[in-house]
Amino acid sequence: MAVLIKGEIGLKIALVTGLKKEFDKALAAVFAREGYKVYAMGSGQINGVISLPLELKEAAAVLLKDAGNVDIYIDVSDERSELDNFNVRSGLNDGVMHELYDANVTRPMAMLEAFFPLLEAGRTKRICYLTSQDASINETRGTDGYGYRMAKAGLHNFLQITRNVLAPRGYTIRAYDPCLCDVSASAAAEAAFNYFTRTRGIERGDELRDDEKNLVFRDAYGRQHSW
């Protein structure tokens with residue numbers, strides 16, 4: 001769907017919230033290659049990608065002035081810690097847990113708030129987040145990465161509540177596990193682009209697997225995971 005942006009006709013605007021990881025850079029590059037005008041927070045020389053400041057209000061102000069709206073918002077926050085090597089039996093590290101919660105939940109919430117007026121001005125209203133099947137309450141079997149898993153479970157609750165509020169206003173949400181332990185950053189980015197940009201994803205005509213009517217969580221292989 002065409003978007004009218006300050007004299008530029010037909011451009012679709014994508015925002016990537018970071019360029020820290022190889023996956024982030026690969027994803028921004030894929031969107032640029034596919035004809036999106038791409039903005040990303042952080043420094044990095046990526047062809048077709050416009051860098052934004054890391055400070056949220058400053059980044060939002062620059063994006064508002066330059067583009068005026070966002071069609072696809074992609075939060076690539078996915079922070080882990082080498083110190084996240086504890087569990088309830090060994091004793092919890094409150095400092096590490098707070099650090100991971102802030103990085104994976106609190107800052108993503110603040111970023112969405114900062115850029116939300118730009119999403120309101122866009123037409124696609126697609127919001128995308130990275131997560132992990134490790135945080136699935138029904139599927140997780142491991143005991144490692146306790147703080148990370150707990151933080152991502154908190155993110156899932158945030159996404160569910162956010163969807164409940166925004167879905168009636170035309171917003172759709174994508175949650176995605178790039179499976180970077182066994183999928184290359186470039187392949188995961190290609191799969192993410194396909195999932196983030198497609199209109200609907202219905203498996204075998206089953207409405208319970210409709211990506212628009214339900215909050216669906218998929219990975220780089222296209223598999224659906226439970227929350």
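The dialogue below treats helix packing and then a pocket.

Reply: This is a predicted model, in which local features need pLDDT of at least 70 and side-chain atom pairs count only at pLDDT 80 or more, while totals for chains, interfaces and linings use all residues. Residues are numbered from 1 along each chain as its sequence is written, and side-chain values use heavy atoms, with hydrogens and water left out.

Me: At what angle do helix α3 and helix α4 pack?

Reply: Helices are DSSP runs of H or I with at least four residues, numbered from the N terminus. Axes are lines fitted to C-alpha atoms over the stretch in contact, with angles from 0 to 180 degrees between N-to-C directions. Helix α3 (residues 94-121) and helix α4 (residues 146-166) pack at about 25°, their axes 7 Å apart. α3 is therefore roughly parallel to α4 (angles under 35 degrees).

Me: Which residues of α2 and α3 meet?

Reply: Contact means heavy atoms within 4.5 Å. Leu-56, Ala-59, Ala-60, Leu-63 and Leu-64 in α2 meet α3 residues including Arg-107, Ala-110 and Phe-115.

Me: Which residues lie nearest the centre of the largest pocket?

Reply: On a 1 Å grid over the protein atoms alone, a pocket is an open set of points where a 1.4 Å probe fits, with protein on both sides within 12 Å along at least five of seven lines; lining residues have an atom within 4 Å of a point. Arg-80, Asp-177, Cys-179, Leu-180 and Cys-181 lie nearest the centre, among 15 lining residues. The lining comprises six nonpolar, three polar and six charged residues.

Key: Ala, Val, Leu, Ile, Met, Phe, Trp, Tyr, Cys and Pro count as nonpolar, Asp, Glu, Lys and Arg as charged, and the others, Gly among them, as polar. Helices (H or I, at least four residues) and strands (E, at least two) are DSSP runs, numbered from the N terminus. Angles under 35 degrees count as roughly parallel, over 145 as roughly antiparallel, 65 to 115 as roughly perpendicular and the rest as oblique.
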